[in-house]
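This note is intended for a colleague who is meeting the structure for the first time. Please keep the sequence and the model at hand while reading the points.

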Amino acid sequence: MKSRLAVAAALALTLTACAPSTSSPSSTPSDGGARTGTLKVWLFDEPNRAPKEKVIAEAVTEFTAAHPGTTVDIAYIAVDTRSARFKGAFNDPASAPDVVEYGNTDLPEYAAAGGLADIGSTVTGWSEGADLSADAKSSATYEGKLLGVPWYVGVRALYYRTDIFQELGLKAPTSIAELTSSARTVRQKKPDMFGVAVGGKYTYAAMPFVWDAGGDITAINSAQARAGLKSYTDLIAPDNCPPQNCADLTGGKTVDLFASGKAAMGILGNFNRAAVDAGAAKGKYAVVPLPGSKPGSVAPAFAGGNNLGIMKNSQRPALAADFLTLLAGKKYQTKMYDAMGNLPTLKSASDEVVAKDAFLKPFADTIAAGTKFVPLDPGWGKIDASAVLPTMIEKVATGKASVEQATDEAAQQIDAALTK
Amino acid sequence: MTTVVSEDAIRASTAAPPRRRRGLAPVWLLLPAAVVLGALFIYPMYQLGLLSVLDFRQAQVSGGQPTHFVGAGNYAQLFTDPQFWSVLIATVIFAAGCVLATLAVGAALAVLLTRISRLPRLLLSLAAMAAWAVPAVSGSTVWMFLFDTDLGFVNQALGLGGFNWMYGRYTAFALVGAVVVWASFPFVMVTLYAGIEAIPGSVLEAAALDGASTWRTFWQIIVPMLRPVLAIVVIQSIIWDFKIFTQIYVMTRGGGLAGQNLTLNVWAYQQAFAASEYGLGSAIGVVMMLILLLVTLLYLRTLRRTGEPL
């Protein structure tokens, strides 16, 4: 009898725990929450964090001086595991931070999960808010709600080796055709080098070619997108960067190739400058915007970057907004540029740093020519995680499928992910 | 009639108390194990099954959107995906190859261990243990260095500079398979060695006196006597190799060129867990569990049919 009771009790226990766990988001205090206490902030950890940490420490000192009775608890989270950390924070409001830095491509997923607060009114009421460009603002807007302030952006442009170009009598390319022919010349004259380092897994180098041709991720099997893709995959060929070596390269690997002097050109970001300066290419390179197919045009770059946002579960949203606007303001954007080389998003701050550093001009020109973004849809996470675009590029580059087959297949997977 | 009844009654009255005590004792003795198994296996398996019939993504976990029942929707999505079938076939062939190679290498070295003197035996055991003890991620990375396209030791030694092992589908699978076998043969070797050592010397001596060759002794004396041990080793290997993840994920950078080296587990991770589609991921998990269960049962059944009960 006793054992039966025990079994019944155990069963009852299991039954109550039957439903899959779903957290119920707590409601945000409508009055802005407590104005004192500890504000929890999550920022991305970076390979060389010390200068970032110094700038943040300054901001914290300024903030706590202006807000008596507050402390700021900064945690640096690893970029690789950020997804798991954010999911954890959404699922467990008690341990969630107030202010977060997040990658702008992660926005739709976090937004669909209902994890980020609408900060539209905060930005409207912020004196520097009007200084944000429309491109930047739209990259942080999901379904009409502004869910973050772009903190910095990064864009890619064409790095090229001035010494090799001079030796071979080449000029900085002004069109994709020129880029391709220069790359082939380099490979022909210097067989142990690649003309331009490109990779099958380097989506953000391939997409500018597609965008420039008038294609887009959401219609990857259009005639324009196919033409753009072909001009990229044509570069993954023995006369520039053989598939055996380049078909499975990631963006990071192409940085290594250019920095170590194995490639005469590379499609690298403003954020890769330190890596290049640490290699053999130091002092022997220049940067121009990645050209489009029309001579003199600029191929639209992908505007990657990080936003600052406020968690919906935050118990101190007013305090969080004050800290966010301080960090995102011109003063600290400029300081962050000095420390980390991150391109500011506020027009005033960006003008100031470009005036100071000529290196940034091609990147600023690229931004001014117009940038593009991945589809703002939670399905993008799935497209990214299941490597739809790299698989497409690799299939074409290795000859496993024609451009038509590969793009049709990718388009089908993209549609399936976006309509779910 | 009456005597029979009374006899029954007597037997019942005298035998009942001890039988009852014996009846309850196993229950209490099994209870701790049952509680542990229930908590660690039954409940997660129940959750897995439940999730596999729900539309359950990140938005549902965080409570942003309501969870709803989709019935066999996740399974239908899985079975109508042509990539699932091609990945499943690749996984089965790859796992079968790895199991056979592991068993062959493990068994051959186990027999070798019984025939060599102490020092070489010690060295061989140590080498095997070292391979076994290396964490899968580190092991895979070291092999990657060895087979690196430009700087790898193997390419330099063979004069194959610039040959990319990961470029072709079969060379990539073969290389990953070699790493899998390298990491899993020690278990087979040690288990079979222990089994062979337990075979009475008189049996082997009798076979030798009858003039049986080594080859014949192995197949007709050792293998039948090792049947129970072999069963465990084979089932373990099948389960391990079918669920292979780390080596593929590390060495082929998440499934190889254009996904040519995807196995079921890596594919499930990519399609479902990295993309936060927990419902679909659970459905893949359930399918994998059923396949493994079926293979194991079939294997045990054929063993039982061909020999003595295990």
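1. Basis of the model. The model is predicted: local features need pLDDT of at least 70, side-chain atom pairs count only at pLDDT 80 or more, and totals for chains, interfaces and linings use all residues. Residues are numbered from 1 along each chain as its sequence is written, while chains are lettered from A and ligands numbered from 1 in the order in which they are written.

2. Confidence. The pLDDT is the predictor's confidence in each residue, from 0 to 100. Chain A has a mean pLDDT of 87, and 92% of its residues reach 70 or more. Within chain A, strand E7 (residues 156–161) has the highest confidence, at 96, and helix H1 (residues 2–16) the lowest, at a mean of 47. Residues 7–17 of chain A have a pLDDT below 50, and beyond near neighbours in sequence this stretch has 1 contact in the model. Where pLDDT is low, the predicted coordinates should not be read in detail.

3. Overall form. Chain A holds 20 helices and 14 strands; helices (H or I, at least four residues) and strands (E, at least two) are DSSP runs, numbered from the N terminus. The radius of gyration of chain A is 24 Å, close to the 22 Å that the globule rule gives for 420 residues, so chain A is as compact as a globular protein of that length. That radius is taken over C-alpha atoms, and the rule is 2.2 Å times the number of residues to the power 0.38. Along the principal axes, the C-alpha atoms of chain A fill a box of roughly 85 × 60 × 35 Å.

4. Two residues are in contact if their C-beta atoms, placed from the backbone, lie within 7 Å. Among contacts in chain A with a separation of 6 or more, 75% join residues 24 or more positions apart.

5. The six-stranded sheet. An open sheet of 6 strands in chain A has the order E2-E1-E3-E12-E6-E13, with mixed pairing; strands pair if DSSP finds at least two bridges between them. Its edge strands are E2 and E13 (343–344) of chain A, each pairing on one side only. E1 (residues 37–44) and E2 (residues 70–77) of chain A run parallel and are joined by 8 bridges. In E2(A), A:Ile74 is the bridge partner of A:Val41, and A:Ile77 stands opposite A:Phe44. E1(A) also pairs in the parallel sense with E3 (residues 99–103) of chain A, over 2 bridges. Helix H2 (residues 50–66) of chain A lies across E1 and E2 of chain A, at about 160° to E2(A); angles run from 0 to 180 degrees between N-to-C directions, with axes fitted to C-alpha atoms, for helices over the stretch in contact.

6. The four-stranded sheet. A further open sheet of chain A has 4 strands in the order E8-E9-E7-E10, again with mixed pairing. E8 (194–197) and E10 (285–288) of chain A are the edge strands, and the twist averages 20° from one strand to the next.

7. Contact between chains. The contact takes 30 residues from chain A and 31 residues from chain B. On the side of chain B that touches chain A, H1(B) gives the most, with 5 residues.
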